[in-house]
Amino acid sequence: MIRMLIVLVTLGVSIVGVTAADLQTTSSSDSGTIQFFDKGYLNDPIMQFESDPLRSALDQHIFGIREGSIGGYDSAGGSCGCN
Amino acid sequence: MQLVGVFTILIMAFVMAKQIFAEQYIAFKSLNFKDSKKIDIWEGLVLYKTDLSTHTQMTVQYGLDSVTSASFGVVSGVSGASASASAIRISDDEEDDDEDSEYTASERSTKTRQQAGLSITHAFAPDVKGTSSVRMSYKTDYQSYIAGQTITFPIAGPNTILGVGGYYTQNNNNPLVTTTNVQLEPPSDTDSTRVTVIGSLEHVLSRKSKLKFLAEGFEDKGYLSTGYQRVTITSDDSEALEVLPSTRTGLALSMIYSQWLFDSAALHLRGRVYQDSYDINAYSLDAQIMKYLAEDLVGDVRLRYYTQSSASFFGESFVNMPDGFFTNHPALSQFNAYQATAGIKKEVEWFGGDGAISAVVSFYYADLDYNFGTLMLGYETTF
């Protein structure tokens, strides 16, 4: 449980730190709603949460064989059916 | 050979389809996985995606995967594994190393699995999308049928997207083959089901960063089993087959943070925590950097750390296990795992359209003496 808290705190601090650095380098007009014409970086292929769904699905096949936990990987739900 | 056969058939289908639809996408993936315990997996996948209309997209996929494995002989204690669906015998007695002993290793065998899937995504409005999908996975001793529905829609403006969905899985598990010395018999009904519920929340933080939260809960019911069941000879020469509770519930919470870096790179940070009714607690943390090495070349590296506690009924011996449940499968044991992955993807022109070729190498090490490498080659093209 302590390790879990350390992981989550580390992740949270990293996010806050990087976001703060990002906001400092952007103009004041970046606050508030980001318009669709201003989402060039966000829509870039390498910025997608899952840039390669097939690679993710195959990773889940490997994890499903070796690890006891299930789900939470942002890929297709319901398992891979690969018992 | 089978992948070549599938490739040929799919190219013929594409030629006929191109005149009908405007946007089509075809992808081929091949994965080869080997580990130090002589488990060898090959997987090939073909995916075809096309626009049925300006608001509707269909994806069809078909794949084969084969698992070739053998136990690595009689060993002391309860180490060793066979990825065969057959129960295998592990002896506690070092004298049983004699290959003429009745406790000899199972032979190397190959199991082949076919998988197929169909999904249709429809955009009802900007940022409002629904996806219906069906998938099936078939091998002679285990079949799965999965149906799901998800929908995403904006809340509180276009920068926050809520997603909800659910899946239902039906597993048909044919009884295992056991040796003549194993007295335990599987139940008459060896089927199981899984209900999965998913919720997600995406939020744009700035022009260069975004965040996603994901929650996934599941409930399994029926004859539950791990992928590779084991028969253990206990210290008093009795035999114990893995027995899992007939119900399992679990919840995974994860967070993904993506940040555009400098001029041509992206950072992805992922954290996940998990808990289930087997008393398995797990969490993982991984970091990935993707970068444009050239206008048409992307490289990425990823590091992942994973740790889990064991199931409450995991043990080296069946003796004194709570409620009669028992497993000594490594996947339900306590361990830490480390993974390093590197990949590269290059855009190419292929069959008159824009496409890409990608290659990935991944190394995974778990401190229960499992370590293995994965090499995946993939070909993608878009017409």
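**Entry 1: a first residue**

Is B:D279 buried, exposed or partly exposed? I looked it up in this predicted model. B:D279 counts as partly exposed because 13 other C-beta atoms lie within 10 Å. My cut-offs: a residue is buried if 20 or more other C-beta atoms lie within 10 Å of its own, exposed if 12 or fewer, and partly exposed in between, with C-beta atoms placed from the backbone. B:D279 sits in the loop between β14 and β15 of chain B. Its phi is near 70 degrees, a positive value in a residue other than glycine. I noted that most residues other than glycine have a negative phi.

**Entry 2: ground rules**

Residues are numbered from 1 along each chain as its sequence is written, and chains are lettered from A and ligands numbered from 1 in the order in which they are written. In this predicted model, local features need pLDDT of at least 70 and side-chain atom pairs count only at pLDDT 80 or more, while totals for chains, interfaces and linings use all residues.

**Entry 3: confidence**

I checked the scores next. The model has ipTM 0.73 and pTM 0.76. Chain B averages a pLDDT of 72 (the predictor's confidence in each residue, from 0 to 100). In chain B, 64% of the residues score at least 70. Residues 1-22 of chain B stay under 50, and the model has 18 contacts for them beyond four places in sequence. Residues 70-107 of chain B also stay under 50, with 84 such contacts. Two residues are in contact if their C-beta atoms, placed from the backbone, lie within 7 Å. Where pLDDT is low, the predicted coordinates should not be read in detail.

**Entry 4: the two chains**

I counted elements. Helices (H or I, at least four residues) and strands (E, at least two) are DSSP runs, numbered from the N terminus. Chain A has 2 helices and 0 strands. Chain B has 1 helix and 19 strands. Of the 83 residues of chain A, 33% are buried. Of the 383 residues in chain B, 35% are buried. I also looked at contacts in chain B with a separation of 6 or more. Residues 24 or more positions apart account for 55% of them.

**Entry 5: strands side by side**

I followed the pairing in chain B. Two strands pair if DSSP finds at least two bridges between them. Strand β7 (residues 142-154) and strand β8 (residues 160-173) run antiparallel, joined by 13 bridges. B:S144 stands opposite B:N171 in β8(B). The two strands form a hairpin with 5 residues between them. In that turn, B:A156 has a positive phi of about 55 degrees. On to β9 (residues 191-206): 13 bridges join β8(B) to this strand, again antiparallel. There, B:G165 has B:I198 as its bridge partner.

Further along, β10(B) and β13(B) run antiparallel with 13 bridges. B:L211 stands opposite B:Y257 in β13(B). Next, β13(B) pairs with β14(B) in the antiparallel sense over 12 bridges.

**Entry 6: a turn and a glycine**

What lies between β13(B) and β14(B)? They form a hairpin with 3 residues between them, and B:F262 is in the turn. Phi of B:F262 is near 50 degrees. B:F262 counts as exposed because it has 7 C-beta neighbours inside 10 Å.

I then went back to β10 (residues 209-222), where B:G217 is found. B:G217 is partly exposed because it has 18 C-beta neighbours inside 10 Å. Beyond four places in sequence, B:G217 touches B:V197, B:G250 and B:L251. Its C-alpha atom is 28 Å from that of B:S362, a residue 145 places away along the chain.

**Entry 7: the cores**

A nonpolar core is a set of buried Ala, Val, Leu, Ile, Met, Phe, Trp, Tyr and Cys residues joined through C-beta atoms within 7 Å. The largest has 23 residues. B:Y274, B:I280, B:A282, B:A311, B:L332 and B:A337 touch the most other members. Both chains contribute: α2 (53-66) of chain A and β14, β15, β17 and β18 of chain B each supply at least two residues. The largest share, 3 residues, comes from α2(A).

Not counting residues up to four places away, its contacts include A:G68 in chain A and B:I280, B:A311 and B:F314 in chain B. Apart from this core lies another, of 7 residues, among them A:L42, A:M47, B:W260 and B:M290.
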